[in-house]
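Dear colleague,

Please find below the structure that I am handing over to you. My notes on what was found in it follow directly after.

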Amino acid sequence: MKINKYLHAAILVSDLEQSEQFYGQVLGLEKVERPLNFSGIWYQIGEFQIHLIQAETLINDQVNQEKWGRNRHLAFLVDNLEATKQQLITYNCSFQMSASGRSALFTKDPDGNIIELNEA
């Protein structure tokens with residue numbers, strides 16, 4: 001087997017409207033057409049997609065409540081971490097700066113899924 005490319009990540013959410021505000025407005029991701037007939041939303045980031053799937057039951061599997069980056073998360077590159085922080089503040093989103101001292105922060109979507117935003 002040879003894996004050639006990472007295609008998408010599926011994220012379970014409980015409320016598509018709330019999630020659409022977070023991923024579309026707060027993070028500014030581009031929504032794309034979704035040819036499936038069950039509830040969900042797709043976003044495009046370069047050649048990668050995020051698939052939000054509505055689920056009736058979600059399981060919180062965070063093992064470290066103090067340091068969000070030590071839990072399962074997705075990581076994205078941003079142009080400007082300070083502008084990213086201000087965007088999160090504007091939308092009243094909680095975040096944590098990386099404990100390692102890197103130029104990165106962690107935030108949570110409305111269902112507690114952790115997103116790392118990293119300035120290289």
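In this predicted model, strand E3 (residues 40-45) and strand E4 (residues 48-54) pair in the antiparallel sense, with six bridges between them. Within this pair, Trp42 has His51 in E4 as its bridge partner. Helix H1 (residues 16-26) packs on the sheet, where it touches E1, E2, E3 and E4. The direction of H1 makes about 10° with that of E3.

The sheet in question is open and has four strands in the order E1-E4-E3-E2, with mixed pairing. Strand E1 (8-13) and strand E2 (30-32) each have a single partner strand, so one side of each is left without a neighbour in the sheet. On average, neighbouring strands here are turned by 30° against each other, direction ignored.

A further open sheet is formed by four strands in the order E5-E8-E7-E6, and its pairing is mixed. Its edge strands are E5 (73-77) and E6 (95-97), each of which pairs on one side only. Neighbouring strands of this sheet are turned by 25° against each other on average, direction ignored. Helix H2 (residues 81-90) packs on this sheet and touches E6, E7 and E8; the direction of H2 makes about 20° with that of E7. Five bridges join strand E7 (residues 104-108) to strand E8 (residues 114-118) in the antiparallel sense, and Leu105 stands opposite Leu117 in E8.

Finally, please look at Asn92, which lies in the loop between H2 and E6. Most residues other than glycine have a negative phi. Asn92, however, has a positive phi, near 60°. Asn92 counts as exposed because its relative accessibility is 72%, and the cut-off for exposed is over 50%.

Yours sincerely

Note on methods: Residues are numbered from 1 along each chain as its sequence is written. This is a predicted model: local features need pLDDT of at least 70, side-chain atom pairs count only at pLDDT 80 or more; totals for chains, interfaces and linings use all residues. Side-chain values use heavy atoms; hydrogens and water are left out. Two strands pair if DSSP finds at least two bridges between them. Helices (H or I, at least four residues) and strands (E, at least two) are DSSP runs, numbered from the N terminus. Axes are lines fitted to C-alpha atoms, for helices over the stretch in contact, and angles run from 0 to 180 degrees between N-to-C directions. Contact means heavy atoms within 4.5 Å. Buried means under 20% relative accessible area, exposed over 50%, partly exposed in between (1.4 Å probe, protein chains only).
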